[in-house]
Amino acid sequence: MENKFLVSASPHITDKESIPKIMYGVVLSLIPAIVGSVYFFGVRAGWLIVLAVVTAVATEALLQFFMKKPITVGDGSAIVTGILLAFNIPAEVPWWIPVVGSAFAIAIGKIPFGGLGYNPMNPALLGRAFLLASWPTKMTIFTTAPRDGTLSGINAASITDFGLETITQATPLNVFKTQRAVLETSAKAEVAISQLYDSYGNLFWGKVGGCIGETSVFLLLIGAIYLIYKRYIGLRIPLSYIGTVALLSWLFGGTKGLATGDPIFHILSGGLILGAFYMATDMVTSPVTSRGRIYFGVGCGVLTVAIRLVGGYPEGVSYSILLMNLSVPLLDRYTRPKTFGKVKEK
Amino acid sequence: MPISNEFFKGFYKENPVFKLALGLCPTLAVSNSLQNAVGMGAAATFVLLCSNVIVSLIRKGVPKKIRIPIYIVIIATFVTIVDLVMAGFAPDLHKSLGIFVPLIVVNCVILGRAEAFAGKNSVAYSFIDGLGMGIGFTFALSAVAVVRELLGSGKLWGFPIMGSGFEPVLLLILPPGAFLTLGLFVGLFNWLDNKRTTA
């Protein structure tokens, strides 16, 4: 008898979407930001991205070859990891930084757990955390000013207003952190912070210093809109994440007391947009339940603001997402939806 | 079982750290340099050897219900000896090992051997068991330490080994590096095991 039916496990809906299609969709959505990084930080930024991607793909292929597992680099997930890792490093790092970071991300963060779908933490962020802990000086020195901009995002003309030489040496969040620390003693600190708040335009277009892929909010949002339109990412995580950061930075980030902070500055600066749309939403390392995703985003937001305002680092997006990645199994367990029709036991 | 097996099992088959997952606390904490690792391993080996012999000697007279406190007192005696000797003759090492010298008292390798082996076997066997386990423990600590010190600070036994162009991987000296290196070693041992049993 001819077998007319395909026997398979549920769900039985078929669709053209597949892992490679989603992954290459993510790569496509990152292209504006890649072009932007090369425009703002020079061709060198492009080479760093290429190195990170090639290393990530090669590491995955080699490990799978030696482990005699099917080689799945064609699915594009290693490419995404490579790009996101390169987006998280400054433009002037030595060439081996993206190579070592990518290799670590794949060889420690992904393959030992079973490859794509089993990694508990976002491999790109793990790579970044490894690089930041191992070579802190190389990973935090920003010297390449973006094209037509300054490192801190403050217009060059107004920097001289308060005569701080060092302010040209740092990214917006660095300036925010250092000036906030001396708020009590320095009369100019408040001026500096208000100058930062006036630089929305530069922050939005990406004319500030920072890691090569995180600066241009505009270009990242183009890609994010594409991903949302294709429904590769949901809105719950990014919106709850950004909303929490906005609320808490407005409440506690001010210079004049409670509720005088500038939420827009905190949303536009640092890696929040990149993290919220591209890394917190990673399908593998974020909760599957709707409520869980909102808690996840809120948790990321609380940790990010805590690190930015009181922690040791100027930026906390990567660490907060990694920490929340680890809480995903717990979130999934406690937000499991009620079975339809189930009556509460007495 | 021939007595040589009791000696060699501590290296690979029953390696306290990589196979039995005992004594992980000192392995993680003091494996940031080879000097610390060997110092710690030697101290633990001495205590293990002495406590195994004494426990084995008195094993017939120890009431079963209070054997653990008795073992602890024996172990603590030898740890105190090691602690004072080290403070007197190797103050630098004593300083860098810090709290982990007195903590040998509760090292589960030592208590584990007293409970699982010395309390049930003759003095000669217990001596060999203690020696093998102690050396196996030292070997495990040193293996982790070599990786961490070499890559984490570019040195070995305090001497610079890597060229001047080498950028030390700071993470390996920090606590996460201990977990990473230990995890990879345990993985390696399990992999070797699997290969042996399937081959």
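Here are some questions and answers about helix packing and the chain contact in this predicted model.

Me: In chain B, are the axes of H7 and H9 parallel, perpendicular or oblique?
Reply: Happy to walk through it! Helix H7 of chain B covers residues 123-153 and helix H9 of chain B covers residues 175-198; their axes come within 10 Å and cross at roughly 130 degrees. Angles over 145 would count as roughly antiparallel and 65 to 115 as roughly perpendicular. Therefore H7(B) is, relative to H9(B), oblique.

Me: Over in chain A, is the crossing of H5 and H16 left-handed or right-handed?
Reply: Let's start with the angle: the axes of H5(A), residues 123-134, and H16(A), residues 317-326, come within 10 Å and cross at roughly 125 degrees. That angle makes the two helices oblique. Their crossing is left-handed.

Me: How many nonpolar residues are in the contact of H5(A) with H16(A)?
Reply: From H5(A) come Leu125(A), Leu126(A), Arg128(A) and Ala129(A), which meet Ser318(A), Tyr319(A), Ile321(A) and Leu322(A) of H16(A). One residue of this contact is polar and one is charged, and the nonpolar number is six.

Me: On the side of chain A that touches chain B, how many residues are nonpolar?
Reply: Good one to finish on! Chain A gives five residues to the contact and chain B gives seven. On chain A's side, no residue is charged and one is polar, and the nonpolar count is four.

How values were computed: Residues are numbered from 1 along each chain as its sequence is written. Chains are lettered from A and ligands numbered from 1 in the order in which they are written. This is a predicted model: local features need pLDDT of at least 70, side-chain atom pairs count only at pLDDT 80 or more; totals for chains, interfaces and linings use all residues. Axes are lines fitted to C-alpha atoms, for helices over the stretch in contact, and angles run from 0 to 180 degrees between N-to-C directions. Helices (H or I, at least four residues) and strands (E, at least two) are DSSP runs, numbered from the N terminus. Angles under 35 degrees count as roughly parallel, over 145 as roughly antiparallel, 65 to 115 as roughly perpendicular and the rest as oblique. Two residues are in contact if their C-beta atoms, placed from the backbone, lie within 7 Å. Ala, Val, Leu, Ile, Met, Phe, Trp, Tyr, Cys and Pro count as nonpolar, Asp, Glu, Lys and Arg as charged, and the others, Gly among them, as polar. A crossing is left-handed if the near helix is turned anticlockwise from the far one by less than a right angle, and right-handed if clockwise.
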